[in-house]
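Have the model open as you read.

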Amino acid sequence: MPQNLDAVAVRAWCRLALDALGRAREEIDAINVYPVADGDTGTNLYLTVESASQAVDAAFTGHDPALPSLAETVRAMAHGALLGARGNSGTILSQLLRGMAQVIGGEADGPGDRPTGDGPAGDGDHVDGRILERALRQAAESAYQAVAHPVEGTVLTVATAAADAVSGAEGDCGAVARVAYDGACAALEATPGQLAVLGRAGVVDAGGRGLVAVLGALVGALSGESVALKGGSGSHARVEDVECEEPPGGGGGPAFEVIYLLEADDAAVARLRSRLDRLGDSLVVVGGDGLWNVHVHVDDAGAAVEAGVEAGRPHRIRITHFGVGDAHTTPQPPRERAQRAIVAVVPGEGLAGLYAESGATTVPARAGEPPASGELVDAIRRAHAREVVLLPNDAELRHTAAAAAEQARTEGVRVALIPTRSAVQGIAALAVHAPDRRFDEDVVAMTSAAGATRYGELAVAERQSWTMAGICQAGDVLGLIDGDVAVIGSEVARTAAAVLDRMLSAGGEMVTLVLGESVPDTVGEHLEKHVREAYLAVDTVVYRGGRQSALLLIGVE
């Protein structure tokens, strides 16, 4: 069956790209030496794709139970990336996605005849390999046009190599994506020989490494296969000394990075490009149709913002002093920081109250709507502390939490991420939290307590499915231990008791039960009695989770 690109595949692509960048984020940050060695390219790319993925999810939610069209989906992806673009590489990536969306959405003419009709370019609500080839070419060309002074050996080179590789390629979208990925990998390997700063550091281009991850995710979304980076190109492998081109302005560079969204017409943006080009370097202006994302490195941040004001209406203004952190254009009154704070993602109002009583700043975890890294960063800012312990309380949030922690560190906050996978592990960590201890000692104690807590959960099966415990039917009560289905039952109390018995078979001193809104208190009383009678040395504590919480959470310390 042909592997062609439709709305569902685009959604899968965004999610896989986000996961791939989450896994590679630290590696990409570590090899970030150009245009500024500020170690944030991986984080910026992750945040950019996170915004794109959220916009696509919102498009699907808005059409539920129907599906959005392919054109609507790719436009949402591009718009989300534009709004959330961070840093030099993130801004360029947003333009690459916009260029692809223009072709796939039927908005731009490419080489040859354009399919007719008001829908997406292609047969029905999907596109074939020929259209994807054009989309990759448009992406590379539009990204080059967005950068004031393109430099080879960067993400631009990798994008162009991907487009060149598929020129004249035959096959469906899966085949074309694979060829593009192979071409990008080869180009990435060559970047240290094209850019002197990369050659001296012995690394590949960080932005190009991120693009390779995104293209690998596209292959995975179309083929269902996981794609590993060829040859470990993202590593710190030393390259041979070669004669490389030194980019212009290679000294210390400007002191500030300025980024803002801008509402302005095309003529005003053209004038703005010229003015900003005289003020600094690393100028990238992406977008169109009245909304733009402006990125530039300058010594006079005020002048860069003033230029935006003269061109139109700038907003979401972000100024970063390299090596210092964020400086916002609106002065904030000084407020004394607390020494240490806890920030936790919490499902359910009852648990949120419990965490708040322990002094934690909470971020709600809504069913089907995991918090974005921006929400976690905002919570860290609200905590207003010099040191923050971050508890994600969900294995699926590990990359999101890591990106948020990295962003907060750039703002001068010392952040320790404890990889809690359930709210009951977070409760165990909170129980041993001692703010008067040294930070490292406190983090070690909290991490140890969380790691010593096994976690279980009860959920109701939505459909027939294969599980580790056998086949379940819709409506069955599933008992999960450490994320895997261990018990299938028909009644909450009995299934929970079976889960408890399995968890306590390996020992335990304390059982924590968190009852969901629909679970009566009698269930908690029954389970507490069961533990008391069967396990004499084990204590039990019961909490109400409230709305948005799981059916039942179980912790065994």
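The largest nonpolar core counts 83 residues, and Leu5, Trp13, Met77, Leu96 and Leu136 have the most contacts inside it. Keep in mind that this is a predicted model. In general, nonpolar side chains tend to be buried together in soluble globular proteins.

**Cores**

- Take Met77, one of the residues with the most contacts in the largest core. Setting aside neighbours within four places in sequence, Met77 touches Val10, Trp13, Cys14, Ala52, Val56 and Leu97.
- Apart from that core there's another one, made of 25 residues, including Leu458, Leu500, Leu515 and Val523.

**Helix H3**

- Met77 is also one of the buried residues of H3, a helix that covers residues 70–84.
- With 15 residues, H3 reaches 21 Å from its first C-alpha to its last, close to the 21 Å expected at 1.5 Å a residue.
- How many of the 15 residues of H3 are buried? The count is 11, so to speak a mostly covered helix.
- What do the buried residues of H3 pack against? On the helical side, the partners are H1 (7–30), H2 (41–63) and H4 (87–104). Strands E1 (256–263), E2 (280–288) and E3 (291–298) are packing partners too.

**The parallel four-stranded sheet**

- Four strands make an open sheet, ordered E7-E6-E8-E9, with parallel pairing.
- At its edges sit E7 (360–364) and E9 (414–417), each pairing on one side only.
- Ignoring direction, neighbouring strands here are turned by 20 degrees against each other on average.
- E8 (residues 385–391) and E9 run parallel and are joined by four bridges; Val389 stands opposite Ala416 in E9.
- Helix H12 (residues 349–357) lies across E6 (338–346), E7 and E8, and runs at about 160 degrees to E7.

**The mixed six-stranded sheet**

- Another open sheet has six strands in the order E14-E13-E10-E17-E15-E16, and its pairing is mixed.
- E14 (484–489) and E16 (539–546) are the edge strands; each has a single partner strand, so one side of each is left without a neighbour in the sheet.
- From one strand to the next, the twist averages 20 degrees.
- E10 (residues 454–460) and E17 (residues 552–556) run antiparallel, joined by five bridges.
- Which residue in E17 is the bridge partner of Glu457? That's Leu553.

Definitions and conventions
Residues numbered from 1 in each chain as written. Predicted model: local features only at pLDDT ≥ 70, side-chain atom pairs only at ≥ 80, totals over all residues. Heavy atoms only, no water. Core = buried A, V, L, I, M, F, W, Y, C linked by side-chain atoms within 4.5 Å. Buried < 20%, exposed > 50% of the residue type's maximum accessible area, 1.4 Å probe, protein only. Contact = heavy atoms within 4.5 Å. Helix = DSSP H or I, 4+ residues; strand = E, 2+ residues; numbered from the N terminus. Expected span 1.5 Å × (residues − 1). Pairing = 2+ DSSP bridges. Axes fitted to C-alpha atoms, helices over the stretch in contact; angles between N-to-C directions.
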